[in-house]
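This briefing goes with the sequence and model shown here. The points after it are grouped by topic.

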Amino acid sequence: MCRQAWFEPGGSARDVGKLTEFFAVLEKSCGGHGNGAGFVDMAGSYDTKKGEKMGVEECAKLVAARPDTAWGIFHTRLASAGGRSNAGCHPHVYETQ
């Protein structure tokens with residue numbers, strides 16, 4: 001099970017406290033076994049941060065600190081197949097050939 005929040009371009013300034021509260025609600029509703037945030041900037045470059053022990057406040061700070069974000073995502077999950085692990089946290093990044 002997963003919970004996600006997407007961020008689009010043109011958003012207003014993001015408040016860390018409000019984001020933390022919002023992410024905490026998502027985490028309590030089928031999450032908490034791993035969190036992550038992913039970003040695509042205006043130039044098309046991407047970056048992801050994730051981890052089994054990554055807290056909602058850390059994710060909120062990452063989202064709020066990215067004014068160059070064209071698109072972004074917060075993700076929290078309850079482990080299903082494979083159990084709890086950093087590798088199982090989203091967002092996943094796959095290399096293409």
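Strands β2 (residues 35-41) and β3 (residues 46-51) pair in the antiparallel sense over six bridges. The model is a predicted one. The chain it shows has two helices and four strands, and along the sequence they follow the pattern β-α-β-β-α-β.

**Hairpin of β2 and β3**

- Four residues lie between the two strands of this hairpin, and G44 there takes a positive phi near 95 degrees.
- Across the pairing, V40 has Y46 of β3 as its bridge partner.

**Pairing with β4**

- Strand β2 also pairs with β4 (residues 69-77), in the antiparallel sense and over seven bridges.

**Burial of the strands**

- Six of the seven residues of β2 are buried, so the strand is largely enclosed by the rest of the structure.
- For β4 the count is eight of nine residues buried, so this strand too is largely enclosed by the rest of the structure.
- Across the chain, 34% of the 97 residues count as buried.

**Nonpolar core**

- The largest nonpolar core has 14 residues, and those with the most contacts inside it are A5, F7, L19, F23, V63 and F74.
- At least two residues of this core come from each of β1 (2-7), α1 (16-28), β2 and α2 (56-64).
- F23 belongs to helix α1.
- With a relative accessible area of 0%, F23 is under the 20% cut-off and therefore counts as buried.
- Apart from neighbours within four places in sequence, F23 is in contact with A5, F7, V56, C59, A60, V63 and F74.
- The C-alpha atoms of F23 and E57 are 8.1 Å apart in space, although the two residues are 34 residues apart in sequence.
- V63, with neighbours within four places in sequence again left aside, is in contact with F7, R14, L19, F23 and F39.

**Surface**

- V40, Y46 and W71 form a nonpolar patch on the surface, and together they have about 320 Å² of accessible area.
- V40 is found in strand β2, and its relative accessibility is 33%.
- That value falls between the 20% and 50% cut-offs, so V40 counts as partly exposed.
- The chain exposes about 5900 Å² in total, of which carbon and sulfur atoms supply 54%.

**Contacts along the sequence**

- Among the contacts in the chain with a separation of 6 or more, 74% are between residues 24 or more positions apart.

Technical notes: Residues numbered from 1 in each chain as written. Predicted model: local features only at pLDDT ≥ 70, side-chain atom pairs only at ≥ 80, totals over all residues. Heavy atoms only, no water. Buried < 20%, exposed > 50% of the residue type's maximum accessible area, 1.4 Å probe, protein only. Pairing = 2+ DSSP bridges. Core = buried A, V, L, I, M, F, W, Y, C linked by side-chain atoms within 4.5 Å. Contact = heavy atoms within 4.5 Å. Patch = residues over 30% accessible without salt bridge, like charges linked within 9 Å, V, L, I, M, F, W, Y side chains within 5 Å. Areas by Shrake-Rupley, 256 points an atom, 1.4 Å probe, with all protein chains shown as cover. Salt bridge = Lys/Arg side-chain N within 4 Å of Asp/Glu carboxyl O.
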